[in-house]
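Take a look at the structure below.

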Amino acid sequence: AAAGVKTVIDFRKPSDGLEAQQQTVDELGLNYVNIPVGKEIPAAEVHQQFAEAFAETANDKVLLHCRSGNRVGMMWSMYQISQGIEAEQAIAEGRAMGMKPKFEEAVRATL
């Protein structure tokens with residue numbers, strides 16, 4: 001909140017224990033969005049849900065969050081590609097966010 005973040009988009013599953021973080025985000029007056037993502041490339045509906053949630057943030061600062069950055073990097077790469085960003089640039093950004101080789105291979109396979 002002190003850094004200007006207005007929305008937290010969390011890619012963890014409910015089984016990862018989201019309640020405490022969601023409560024803290026709510027107490028800070030931030031928007032909390034949970035889009036559960038597992039160990040595989042999610043269905044198109046999940047990507048659409050992220051695109052819609054991200055679009056709703058307008059120009060606000062958004063914190064994309066998971067446990068390790070792996071899901072964040074994958075989702076960001078896929079989103080960037082869907083927005084017309086060149087695949088290698090999008091994948092490099094995803095890698096910088098924590099995307100691991102398994103998801104990178106899966107992203108490339110979906111191209």
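Helices here are DSSP runs of H or I with at least four residues, strands are runs of E with at least two, and both are numbered from the N terminus.

This is a predicted model, in which local features need pLDDT of at least 70, side-chain atom pairs count only at pLDDT 80 or more, and totals for chains, interfaces and linings use all residues. Residues are numbered from 1 along each chain as its sequence is written, and side-chain values use heavy atoms, with hydrogens and water left out. The pLDDT is the predictor's confidence in each residue, from 0 to 100. Its mean for the protein is 94, and 100% of the residues reach 70 or more.

Now check the length of H3. It holds 13 residues, 70-82. The expected span is 1.5 Å times one less than the number of residues, so H3 should span 18 Å; its end C-alpha atoms are 19 Å apart, which agrees.

How many residues of H3 are buried? The count is 11 of 13, so the helix is mostly covered (buried means under 20% relative accessible area, exposed over 50%, partly exposed in between, with a 1.4 Å probe and protein chains only). Among them are Trp76 and Tyr79. The buried residues pack against helix H2 (44-55), strand S3 (61-65), helix H4 (87-96) and helix H5 (101-110).

Finish with Gln80, which lies in H3. Gln80 counts as buried because its relative accessibility is 11%. Leaving out residues up to four places away in sequence, Gln80 touches Ile85, Ala90 and Glu93, where contact means heavy atoms within 4.5 Å.
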